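The entries below follow the order in which I looked things up.

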Amino acid sequence: MAYTVPKLKDFSPAALDSAVRELLSALEVETAQAGSAEERKSFRDRWLGRKDGILTQSNDLWLKAAPKEAKREVGQRVNKLKAEVEQKVEAAFRKAASATTRPSLDISLPGIRRPLGAEHPIIRTMNEIVGVFKNLGYSVAEGPVIETDYYNFEALNFPPNHPARDTQDTIFIAGQESKPQRDRLLLRTHTSPVQTRAMEKHRPPIRVVAPGKVHRSDTPDASHSPIFHQVEGLAVDTNITFSDLKGTLDHAMKELFGSDVKTRFFPSFFPFTEPSADVQVSCFKCRGTGRIGDQPCRLCKASGWIELLGCGMVDPKVLEFHKDNGYDPEKVSGFAFGMGVERIAMLKYGIDDIQLFFHGDVRFLEQFA
Ligand code: PHE
């Protein structure tokens with residue numbers, strides 16, 4: 001049975017003592033029972049509520065009801081009781097409240113430190129490469145990572161079933177067989193499709209660089225990754241010659257690796273450039289000598305040269321695709337190049353495993369902060 005304040009027939013000190021004792025023991029029991037926030041609130045209302053709380057009732061039933069000659073005595077006891085009950089109820093209420101709610105703000109505590117991120121070395125290198133060409137007046141273009149066969153191959157003069165496609169280790173998207181071949185989706189194997197997209201959009205003269213992610217179905221090892229990045233370049237104008245290409249790339253390599261590096265161009269093959277070349281830079285570790293002291297240079301495998309990128313003059317067949325947009329191979333010519341960002345970052349920062357770029361290990365990434 002819940003406690004109720006009894007009416008008193010006897011206002012003697014002994015009767016009052018026992019009534020007060022009963023009330024206080026009821027308070028003790030109910031204090032222990034009030035657990036949840038809701039219970040605590042109704043517990044406080046029940047005891048201290050102005051209108052009908054237990055204290056108000058004891059005031060009415062004991063003090064007000066007391067005969068005149070007992071009023072003084074009863075008044076003193078009821079006041080004492082009131083002070084005691086108020087203090088106990090409030091204390092119980094506060095104690096329970098502070099145990100379940102959050103502590104108040106302590107502004108003397110040290111703050112929570114948010115570690116500052118750092119630019120990923122790939123993004124940083126990519127921006128650096130792009131910056132070199134921006135300074136030469138190039139604009140920046142981008143294209144989708146999921147490409148069609150047309151943009152990745154056909155418009156770059158890789159005809160269907162041509163063996164040159166095999167060099168690209170392509171990751172194809174499944175379930176595309178019902179589409180015509182040129183519409184089938186794949187993960188772009190190089191950034192060269194952005195050349196096509198740029199020539200569709202802008203008439204010559206054009207100078208663009210296209211940074212981005214590419215994929216090839218390579219098994220991961222220290223120098224291969226199925227994900228990597230390239231920066232593509234394309235310049236088309238009247239009278240663009242191979243010496244423009246050589247001068248541009250020689251300048252870019254000096255900007256990236258230091259003004260004392262030399263470049264050399266080796267004949268190569270790409271379906272979308274003719275002639276094509278691989279560009280090598282003189283090894284910046286052994287300064288092209290192939291030796292460090294009396295040891296062979298490991299960076300360039302003692303050759304004195306490091307192969308860095310592919311390039312060439314845009315094949316007239318590629319321009320032909322955009323003849324209606326001003327790219328008449330009889331009137332304009334151009335050059336293109338493509339470089340691997342990971343390889344350049346590895347050489348610049350002395351990183352010996354390409355996988356480090358993709359593991360997200362903060363101990364590695366922190367070094368670039
Ligand atoms: N797309 C070529 C590759 O990834 C590189 C390249 C770009 C070569 C532009 C020539 C011109 O292998």
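This is a predicted model: local features need pLDDT of at least 70, side-chain atom pairs count only at pLDDT 80 or more; totals for chains, interfaces and linings use all residues.

Entry on the helix pair. I looked up helix α5 (residues 121–134) and helix α10 (residues 341–349), and found that they pack at an angle of about 100°, with their axes 9 Å apart, which makes α5 roughly perpendicular to α10. On the α5 side the contact includes I122, M126 and E128, and on the α10 side it includes I344, A345 and K348. I sorted the residues of this contact into eight nonpolar, one polar and four charged.

Entry on α10. I listed its buried residues as V341, E342, I344, A345, M346 and L347, and these pack against several elements, among them α5, β6 (227–237) and α8 (242–257). After α10 comes G350, whose phi is positive, near 65°.

Entry on salt bridges. I found 17 of them in the structure. Which residue forms a salt bridge with K348? The partner is E128, with the closest N and O atoms 2.8 Å apart; K348 lies in α10 and E128 in α5, so the pair ties together parts that are 220 residues apart in sequence. K348 counts as partly exposed because its relative accessibility is 27%, and E128 is likewise partly exposed at 30%. I then noted that salt bridges with shared partners join D17, E73 and R77 into one network.

Notes: Residues are numbered from 1 along each chain as its sequence is written. Side-chain values use heavy atoms; hydrogens and water are left out. Axes are lines fitted to C-alpha atoms, for helices over the stretch in contact, and angles run from 0 to 180 degrees between N-to-C directions. Helices (H or I, at least four residues) and strands (E, at least two) are DSSP runs, numbered from the N terminus. Angles under 35 degrees count as roughly parallel, over 145 as roughly antiparallel, 65 to 115 as roughly perpendicular and the rest as oblique. Contact means heavy atoms within 4.5 Å. Ala, Val, Leu, Ile, Met, Phe, Trp, Tyr, Cys and Pro count as nonpolar, Asp, Glu, Lys and Arg as charged, and the others, Gly among them, as polar. Buried means under 20% relative accessible area, exposed over 50%, partly exposed in between (1.4 Å probe, protein chains only). A salt bridge is a side-chain nitrogen of Lys or Arg within 4 Å of a carboxyl oxygen of Asp or Glu.
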